[in-house]
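Thanks for coming, everyone. Let me put the structure up, and then I will walk through a few of its features.

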Amino acid sequence: MLTLTDSDFQRLYTYIKQHYGIDLSKKKQLIVSRLSHTLSSKGYRDFSAYVDDIMSGRDPDMVTAMLNKLTTNYTYFLREEDHFKYLWDVVLPDLEKKHAKDKVLCIWSAGCSSGEEPYTISMYLKEYFGAQASQWDTRVLATDISQKILNTAMTASYNDESLSSLPATWKQKYFVRKDGNYTVAPAIKQNVIFRTFNLMDPIQFKKKFDLIFCRNVMIYFDQPTKDALVRRFYNATVPGGHLFIGHSEGLTKATCPYDYIQPAIYKKK
């Protein structure tokens with residue numbers, strides 16, 4: 001295992017924090033354990049030259065590969081089911097009334113990882129609107145910083161474990177069984193638009209959002225970074241719109257511009 005000096009560690013975690021908001025200042029051992037094999041396989045003899053190459057920014061794929069190694073992309077369908085019950089019982093009926101004329105919903109899955117979250121949202125939309133679904137534009141914007149994980153999401157092939165929380169009828173309706181895995185059906189797959197996006201960048205999409213999912217992403221951010229991101233989310237949310245975060249996360253009451261609704265669910269005034 002390669003040695004990571006304190007100075008190289010500081011250079012690396014500072015670069016990651018400044019550019020991607022991820023705070024690894026107390027994760028030296030994690031960095032060493034998760035990156036040493038990669039460095040050795042690519043011919044690096046120490047971390048110093050690797051950090052130089054990362055900070056140069058010449059190879060975006062190299063940076064993406066590093067971030068994939070250092071953050072966990074664990075997710076599954078219908079994760080944190082309470083959110084989807086609230087979506088069904090409260091959010092969708094409200095949006096159906098609010099958008100009765102234009103029939104356009106703006107929903108963002110921010111930090112969508114391998115796609116289970118936006119596909120779950122799309123299945124709920126399909127179920128809720130039923131025979132009327134074709135009359136609505138319910139396309140979900142799904143973004144992640146990693147093009148590699150987005151490629152996995154767009155492939156839309158998942159194993160049994162990932163689908164274990166879904167109703168059996170949904171597996172039959174919304175998936176095609178192939179080679180031992182389940183592939184998302186075209187009607188659901190086509191309802192999701194995947195884009196690379198760094199959450200540290202300004203949020204400048206054409207329309208503001210009725211609903212933003214950003215779950216289990218801010219666990220990697222320190223409080224000032226989290227506060228700044230939530231303010232950007234708030235500015236990108238329509239009045240009365242919602243923000244869903246992960247249950248393992250929390251927003252500071254004193255600095256959060258959203259109204260607290262229930263655990264991990266917030267609403268713009």
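Tyr158 stands opposite Tyr182 in β5, where strands are DSSP E runs of at least two residues and helices are H or I runs of at least four, numbered from the N terminus. Before going further, this is a predicted model, in which local features need pLDDT of at least 70 and side-chain atom pairs count only at pLDDT 80 or more, while totals for chains, interfaces and linings use all residues. Residues are numbered from 1 along each chain as its sequence is written, and side-chain values use heavy atoms, with hydrogens and water left out.

β3 and β5 (residues 181-184) pair in the antiparallel sense over two bridges, pairing being assigned if DSSP finds at least two bridges between two strands. They belong to an open sheet of three strands in the order β3-β5-β4, with antiparallel pairing. Because β3 (157-158) and β4 (175-178) stand at the edges with a single partner strand each, one side of each is left without a neighbour in the sheet.

What does Met66 touch, leaving aside residues up to four places away in sequence? Met66 touches Leu12, Ile16, Leu35, Tyr50 and Ile54, contact meaning heavy atoms within 4.5 Å.

Turning to the lysine, Lys208 is found in the loop between β6 (192-196) and β7 (209-214). Lys208 counts as partly exposed because its relative accessibility is 45%, that class lying between buried, under 20%, and exposed, over 50% (1.4 Å probe, protein chains only). The C-alpha atoms of Lys208 and Val176 are separated by 34 Å, although the two residues are 32 apart along the chain.
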